[in-house]
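Please read the following briefing alongside the sequence and the three-dimensional model.

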Amino acid sequence: MIYYDRVGKVYADNSIALEDVSFSVEPGEFISIVGHSGAGKTTLVKMLLAEEKPTSGSVFFESINVHEVPMNRINHLRRKIGTVFQDFRLLPQKTAYENIAFAMEAAGRAEEEIHSDVPHVLDLVDLTDKANNFPDELSGGEQQRIAIARAIVNQPDVIIADEPTGNLDPVNTFEIVQILKKINDLGTTIILTTHNKGVIDALKKRVITMDRGKIIRDDREGKYIL
Amino acid sequence: MPDSVTIKRILRAGFLDFWRNGFVSLASILVMTVTLFVVGTTLFAGVMLQSTLATLRDKADVTVYFTTSAPEEKVLQLQKTLQALPQVQEVTYTSAEDALTAFRSRHQNDQLTLQALQELGDNPLGAELDIKAKDISQYDAIAQFLQQQQQNGGGGASIIDKINYFDQQHRQALDRLQEITDSAGRIGLIVILILVGVTIAISFNTLRLAIYTSREEIQVMRLVGAGQFYIRAPFMVEGVLYGLISGVITLLLLYPVTYWMGTATQSFFGGINVFSYYLSHFFFFFAIIIGTGVLLGAVASYLAVRRYLKI
């Protein structure tokens, strides 16, 4: 479903972010990418969103070469991929409800769908009572749960969670991981990047370990080894 | 082509952003109002300048003095011929008697001159034709034509005594007037263009800054899967709103400003009252100012968002 084919990325100042990275992800998998800061985890997932272009190699999503999709069509691809970021990236001028609804509106969904689906995902992340709050009125954990709700509301095939727990305390971290696990159980592929040992060890799922732009381990049921 | 649901969402998003970004909206509207006010006042300045220059140019004329023996019908015939010339705007006939009356009243405090006139007994003044051209540059052609008439003389002695265009002084004055009005018009136009250009640039920048504050949001929208048009359109709605509101404020502001300026500057601007001009040309001002505002808002927003869509 997702296939990285010998992907390399060299930034303008000749610093190497990725070097000859190849791996594939099957539908329904829960895959964690671990590594120190600067190991290339974020660059790797940004490639899938076409937020970054590789200097060599290619990235395929459902047999489409992501970087051959023209700029004005890329949003159709992104609707199939939900994204959750370390810094939440909610729209500050919109309420929790509107943030989630925006992703549906942007995808051109009908009003009735929005009215039925948004409360549903709000319920899934247990934030029904905060629907009309603006992001700055929510805690970090709550913001991240809204971001997850936004990511899943269009029923994407994949969710990319780039260090979603990086800014959260252990309790919130645990909650977020539980929600991601639940989403995965419902059939959505999840790509999680993290450097939180506890999260990885609790998951007992596939782990790709990166170091200085290279994959150094790929374990079926991995632990955090670095 | 976006469907009605999309259009509704875009409009709602534009209005909501406008309202929730209250301070940014206020600042943008203020700057844009200044821009439109400058556009409006330069429009006035342009009109005033034109009318002032027109009154100045209107002071130019050429006078033909006829001999005392010139028969009236011949003078009137020449008046008709002149009137038929394409360059000529107006020809005024002053009979010998009228010329004398005018001369008397002009010198009514000058006993010596009046006495001398009395001594003469006969009217020493001839009839006159006052010629106004449509344009100040056309006096030369008219004078040439008159000179030909003078030389041909219709067989006998010419009825034309003197054409003041061929006076050195009169001619210099005419040339100078033409130079001054021409360059004043040119300089006025340049100043207006610079002023309008600068203020439009300031407005543009303000909108760019307003959208700069939303750059991260635009990125998030892109990553959530929103299309370029769907992201851009609400910003353009906001820009158009800024333009509309600033336009209305400007039109309202111009009302007291022109009222106050109207009476104070009427005589200075060659008889045009800016207030009544504003009222009588209100739809012209409405179209220009609202149109400029809306166009400026939409185009500036369109361009400002573009740079953040490259992701």
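**Nonpolar cores and overall layout**

The largest nonpolar core has 55 residues, and those with the most contacts inside it are A:Ile100, A:Phe102, A:Ile146, A:Ile148, A:Leu180, A:Ile183 and B:Ile218. A nonpolar core here is a set of buried Ala, Val, Leu, Ile, Met, Phe, Trp, Tyr and Cys residues joined through side-chain atoms within 4.5 Å, where buried means under 20% relative accessible area, exposed over 50% and partly exposed in between, with a 1.4 Å probe and protein chains only.

This is a predicted model, in which local features need pLDDT of at least 70 and side-chain atom pairs count only at pLDDT 80 or more, while totals for chains, interfaces and linings use all residues. Residues are numbered from 1 along each chain as its sequence is written, chains are lettered from A and ligands numbered from 1 in the order in which they are written, and side-chain values use heavy atoms, with hydrogens and water left out.

**Core details**

- The largest share of the 55-residue core, seven residues, comes from helix α3 (residues 96–106) of chain A; helices (H or I, at least four residues) and strands (E, at least two) are DSSP runs numbered from the N terminus.
- B:Ile218 is in contact (heavy atoms within 4.5 Å) with B:Ile211, B:Ile231, B:Phe235, B:Val305, B:Tyr308 and B:Leu309, leaving aside its neighbours within four places in sequence.
- A second, separate core of 30 residues includes A:Ile2, A:Ile33, A:Phe61 and A:Ile191.
- A:Val34, in strand β3 (residues 30–34) of chain A, is buried at a relative accessible area of 0%.
- Not counting residues up to four places away in sequence, A:Val34 touches A:Lys41, A:Thr194, A:Ile200, A:Val207, A:Ile208, A:Thr209, A:Met210 and A:Tyr224, whereas its C-alpha atom is separated by 35 Å from that of A:Ile114, 80 residues apart along the chain.

**Salt bridges**

- Over all chains, a search of the whole structure finds 17 salt bridges, each being a side-chain nitrogen of Lys or Arg within 4 Å of a carboxyl oxygen of Asp or Glu.
- A:Lys80 is paired with A:Glu62 in a salt bridge whose closest N and O atoms are 3.9 Å apart; the pair links distant parts of the chain, 18 residues apart, with A:Lys80 in the loop between α2 (74–78) and β6 (81–85) and A:Glu62 in the loop between β4 (56–61) and β5 (64–65) of chain A.
- Both partners are partly exposed, A:Lys80 with a relative accessible area of 36% and A:Glu62 with 31%.
- A:Arg109 and A:Glu113 form a salt bridge with closest N and O atoms 3.0 Å apart, in which A:Arg109 counts as buried at 15% relative accessibility and A:Glu113 as partly exposed at 32%.
- A network of salt bridges links A:Glu29, A:Arg206, A:Asp218 and A:Arg220.

**Chain B: domains, helices and surface**

- Chain B is divided into domain 1 (4–56 + 178–306) and domain 2 (68–158), with bounds from an automatic or database domain assignment, and the C-alpha centres of these two domains lie 53 Å apart.
- B:Ser51, in helix α2 (residues 22–58) of chain B, counts as buried at 13% relative accessibility, and its C-alpha atom is separated by 42 Å from that of B:Phe18, 33 residues apart along the chain.
- B:Ile194 is found in helix α7 (residues 168–212) of chain B and counts as exposed at 52% relative accessibility.
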